[in-house]
Amino acid sequence: MSDVMRVLIAEDSDAFGKACKKELDQRGFETVLVSKNGNKVIECVESQHYDVVLMDVFMSGADGVEVMEHMASSLAEKPLVMLLSAIDNNEFEEQMIKAGADYYFIKPVSPQNVAKRVENLASWRYDKQKIVTNRETDVELIISDIMRQIGVPAHIKGYQYLRTSIMLCVEDADMMGSVTKILYPTVAKMYKTTSSRVERAIRHAIEVAWDRGDVDVLSSYFGYTIQSQRGKPTNSEFIAMIADKIKLSMRNTA
């Protein structure tokens, strides 16, 4: 079996489709370009294995949602699904993620950005195998202990989302740079929920910790925030501070 990852692109715009294919081929992917037709996409994924499928939400034959539903019900291993659409709407994007998309591109987007995101997501999913190695188990225990010290209750939903978010950011710093676009959707898919619910639950968990937690412990992690009295940290700040502290600790003990 070849280690080369296969990408299926369904695109009628000759210039854009070929440019995406060229970028991905240069990054070591085996790329197949077909017409923007949902039935054609279904035919392709049924006849051959693809690691990534890049397609438009709206296509002739079958639309993106219909294709995702078909793959979920008929394929033993669903590929990463990355959707393209000109609709810039958070609610619509969440619907697509909930329907099975792993990423949502808003048109116009450059072929270079498409290729970079495909490479990143494919790496996160297939190469690193997060949450399963012994090292990650150790990291999870460290994060759990820190959250216990800070005062995040283990019984609330935000606890699990926050722990997973921190773990993902420890393993890949790029996650922290795209909290809304990558981190929240990734966590949401792991727990079969939506990005907005993940964000709200994490915010609630931080608020609870800030209201009930030990001030000395909080100060040791978020000293500048407390001392400047600028209020509780944002979700991104909270996750980044804990992740950075863990990475620094791991570097010092390596």
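Author: Contact means heavy atoms within 4.5 Å. In the protein chain, residues 24 or more positions apart account for 62% of the contacts with a separation of 6 or more. This is a predicted model, in which local features need pLDDT of at least 70 and side-chain atom pairs count only at pLDDT 80 or more, while totals for chains, interfaces and linings use all residues. Residues are numbered from 1 along each chain as its sequence is written, and side-chain values use heavy atoms, with hydrogens and water left out.

Reader: Why is Arg6 called buried?

Author: Buried means under 20% relative accessible area, exposed over 50%, and partly exposed in between (1.4 Å probe, protein chains only). Arg6 has a relative accessible area of 13% and is therefore buried, whereas Glu30, at 35%, is partly exposed.

Reader: How do you know that Lys78 and Asp102 form a salt bridge, and why is Asp102 called buried?

Author: Their N to O distance is 3.5 Å, which lies within 4 Å, so the salt bridge holds by definition. Asp102, at 15% relative accessibility, counts as buried, while Lys78, at 22%, counts as partly exposed.

Conventions:
Salt bridge = Lys/Arg side-chain N within 4 Å of Asp/Glu carboxyl O.
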